Amino acid sequence: PRDVLGADDPQFGPMLFYRENLRMLPRLMPGENAEEIVQAVAKIATRFRERGQTLVVLLVPEKEQIHFRALSVADQAALAQGPELFAEIEAGLEALGTPVVNLMPTFQTATAAGQRLYWRDDTHWNDAGIRLAARELWRVVEPLLE
């Protein structure tokens with residue numbers, strides 16, 4: 001179908017991707033959109049704090065951002081700003097006191113080491129991706145519960 005793109009990841013073989021992600025993700029740029037995102041999330045975090053709760057933000061990379069090597073050179077170039085955008089959002093939220101779990105570097109490292117974290121025929125995490133995300137989230141949440 002027109003909404004799905006099939007491509008071969010050099011490390012993991014055939015995979016499906018969403019064309020909508022390839023259209024939308026390049027529109028989010030570090031330096032342009034990070035501060036807007038930080039400010040919007042900061043307002044929500046403030047509301048949580050007013051209620052005595054802590055918002056923990058989980059920055060989740062899309063499959064296309066992790067398996068970009070399967071995509072065309074043009075798509076790879078368009079997605080290249082993703083890690084920097086996530087890092088800017090993470091730094092901005094942490095500077096405001098909002099805990100953040102940025103899965104981008106963790107997922108990139110695990111994937112480079114040969115761990116497949118997404119289903120081949122879907123854009124959701126497989127069991128390994130879920131375990132890794134849960135471990136990283138717990139690393140930040142557990143100290144908040146003490």
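Colleague: Before we start, what are the ground rules?

Modeller: This model is predicted, so local features need pLDDT of at least 70 and side-chain atom pairs count only at pLDDT 80 or more, while totals for chains, interfaces and linings use all residues. Residues are numbered from 1 along each chain as its sequence is written, and side-chain values use heavy atoms, with hydrogens and water left out.

Colleague: What volume does the largest pocket have, and which residues lie nearest its centre?

Modeller: On a 1 Å grid over the protein atoms alone, a pocket is an open set of points where a 1.4 Å probe fits, with protein on both sides within 12 Å along at least five of seven lines; lining residues have an atom within 4 Å of a point. Points are joined across faces, edges and corners, and the volume is the space filled by probe spheres set on them. Here that gives about 160 Å³ for the largest pocket. Its lining has 16 residues, with L25, L28, Q65, L85 and F86 nearest the centre. Elements giving two or more residues to that lining are β3 (57–59), α4 (73–79) and α5 (82–95); α5 has the largest share, with four. Helices (H or I, at least four residues) and strands (E, at least two) are DSSP runs, numbered from the N terminus.

Colleague: How many of the lining residues are nonpolar, polar or charged?

Modeller: Ala, Val, Leu, Ile, Met, Phe, Trp, Tyr, Cys and Pro count as nonpolar, Asp, Glu, Lys and Arg as charged, and the others, Gly among them, as polar. The lining divides into 13 nonpolar, three polar and no charged.

Colleague: Now α7. Where does α7 bend?

Modeller: A bend is the angle between axes fitted to the seven residues ending at a residue and the seven starting there. In α7 that comes to about 35° at W138. For length, the expected span is 1.5 Å times one less than the number of residues; the 18 residues of α7 (127–144) should span 26 Å, and the end C-alpha atoms are 26 Å apart, which agrees.

Colleague: Which residues of α7 are buried?

Modeller: Buried means under 20% relative accessible area, exposed over 50%, partly exposed in between (1.4 Å probe, protein chains only). In α7, A128, G129, L132, A133, E136 and V140 are buried. Their cover includes β4 (100–102) and α6 (103–112).

Colleague: Why does P99 count as buried?

Modeller: Because its relative accessibility is 17%. P99 sits in the loop between α5 and β4. Contact means heavy atoms within 4.5 Å; leaving out residues up to four places away in sequence, P99 touches T54, L55, V56, V57, V140 and L144.

Colleague: And L55, buried or exposed?

Modeller: L55 is buried, at 19%, in the loop between α2 (34–50) and β3. Beyond its neighbours within four places in sequence, L55 contacts V41, I44, A45, F48, T98 and P99.
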